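User: I would like to learn how to read disulfides and their surroundings in a model. Could you take me through the general idea and then the case at hand?

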Amino acid sequence: MALAFSTLTLAPQAVADPGVDADLAGLSEAQLAAQEQPGTGLPGVDEIRNSRNVKHIANLPKPAPFTENSTWTDLAFQDGYAFDGNYDGFVIYDVRNPHRPKIVSTVLCPGSQNDVSVSGNLLFLSTDSSRSDNSCASTPLPATNKDAWEGIKVFDISDKRNPRYIAAVETKCGSHTHTLVPDKKGRNVYLYVSSYSPNAAFPDCQPPHDLISVVKVPLKNPAAASVLSETVLFPDGGNAGRPGTIPDGYVTATSGCHDITVYPAKDLAAGACMGDGVLWDISDRERPREISRVQDDVNFAFWHSATFNNAGTKVVFTDELGGGGAATCNETIGKTRGADGIYDITGRGDGRKLEFRSYYKISRTQGDTENCVAHNGSLIPVQGRDIMVQAWYQGGISIWDFTDSRNPKEIGWFERGPLPDGKGGGAWSTYYYNGYIYSSDMAKGLDVLDIRDPRVLSAKLVRVGELNVQTQGQYRDLFPR
């Protein structure tokens with residue numbers, strides 16, 4: 001099952017060594033916050049800085065055959081293994097000892113951006129660049145070529161040292177990202193395929209493309225995976241957008257979704273759909289149904305991703321201002337653009353609404369060469385609080401508390417100084433898994449960090465076999481009142 005945190009076990013290491021510095025254990029929140037202020041001035045090239053409660057414990061650089069230009073993307077986890085997507089394929093790491101992660105296998109299979117998820121013995125990979133065919137030996141083709149291929153690839157990972165490619169499904173406009181959705185009987189999984197940017201010159205990506213492709217994968221016969229439907233989500237066309245520049249402000253027109261997060265236990269999904277943020281009812285997995293939709297044409301340029309809190313009463317949406325390639329964590333852009341938007345879910349049933357509460361953005365000013373904006377993160381399973389860890393490209397990694405939706409605050413952080421020669425890079429996806437933080441860095445490879453702080457101690461007790469962050473699971477209270 002992909003339902004993270006659906007069962008809990010007490011980890012022996014969490015009981016014997018809770019991972020909290022003795023110097024931190026007795027401090028008040030005000031004292032802890034004082035320990036977490038950044039140093040003065042920008043870090044030097046590749047210099048590491050971090051709050052006192054965050055420790056960098058391991059790094060694995062990019063392995064062959066991936067080159068300096070191979071960009072790391074998303075992460076998934078299963079039984080002590082991490083699966084890291086890459087524009088040129090994916091890597092499987094053994095992270096059962098987080099202090100000494102090891103490479104288990106590498107799979108060369110070009111096709112950006114290779115967003116990845118896992119379910120049992122299956123791994124799914126998104127291809128969002130036009131290729132000559134669906135093989136791992138394909139070459140680039142223009143999207144104007146009718147014979148070009150984009151979509152979903154399926155691998156058998158029962159032998160993690162030798163993943164085996166078993167199926168492919170072509171989808172309209174490719175697959176920029178996908179979200180794994182288990183059915184209620186455990187017979188199938190669905191993939192909600194997000195893609196966008198149609199063009200009248202692209203035979204397989206025609207406008208308006210206000211849809212997602214729903215791919216059905218029979219678990220007993222995954223080779224029979226196929227497109228079940230092309231579900232129109234925006235019959236009214238969605239946000240029409242507004243042209244502009246990064247400094248002046250722009251709004252991306254909706255033509256599909258960038259990312260969808262589902263919360264199967266709550267029958268909910270949250271869609272970050274370019275110009276719109278959407279809440280859906282997914283009690284019928286094959287037919288998402290809109291409950292509420294919001295727009296923010298003042299501060300949001302591109303609705304990028306979404307995260308529920310554990311109670312399913314809030315959604316954090318991210319704005320990827322500048323597409324991840326621009327320096328937007330500076331005084332010119334300010335605190336409310338290229339940020340997170342925190343929304344409470346109010347009401348009941350079909351009367352539920354997304355209601356804006358506040359923005360969150362890292363406070364550490366980044367250099368003019370450092371691409372920095374809100375990006376992929378996950379909840380840290382802390383009892384009684386809403387805390388998440390999040391990637392900010394070259395802005396590094398932020399750990400922040402949004403228990404009070406109107407007053408979010410950072411409680412820990414990690415970052416490197418600018419890359420040499422003004423190159424782009426930084427943390428793409430940063431997630432919490434079984435007691436540690438794992439980060440897929442576009443330039444540096446896999447980072448492992450430990451947060452040692454009494455405010456997140458209860459998370460050390462949570463263990464999960466499988467984690468796809470966009471398939472959000474529910475953790476139960478270890479200490480019910």
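User: Are Cys173 and Cys205 buried or exposed?

Analyst: Buried means under 20% relative accessible area, exposed over 50%, and partly exposed in between, with a 1.4 Å probe and protein chains only; in this predicted model, both Cys173 and Cys205 are buried. This is a predicted model, in which local features need pLDDT of at least 70 and side-chain atom pairs count only at pLDDT 80 or more, while totals for chains, interfaces and linings use all residues. Residues are numbered from 1 along each chain as its sequence is written, and side-chain values use heavy atoms, with hydrogens and water left out.

User: What do Cys173 and Cys205 form?

Analyst: A disulfide is a pair of cysteine sulfur atoms within 2.5 Å, and those of Cys173 and Cys205 are 1.9 Å apart, forming a disulfide. The torsion about their S-S bond is about 100°, so this disulfide is right-handed.

User: How many disulfides does a search of the whole structure find, and what is the pairing of the bonded cysteines in sequence order?

Analyst: The search finds 4 disulfides, and with the bonded cysteines numbered in sequence order the pairing is 1-2, 3-4, 5-6, 7-8. Among them, Cys109 is joined to Cys136 with an S to S distance of 2.1 Å, and the torsion of about -80° about that bond makes the disulfide left-handed. Cys109 counts as buried at 0% relative accessibility, whereas Cys136, at 22%, counts as partly exposed.

User: Which cysteine is joined to Cys257?

Analyst: Cys257 is joined to Cys273, S to S 2.1 Å, and the torsion there is about 75°, so the disulfide is right-handed.
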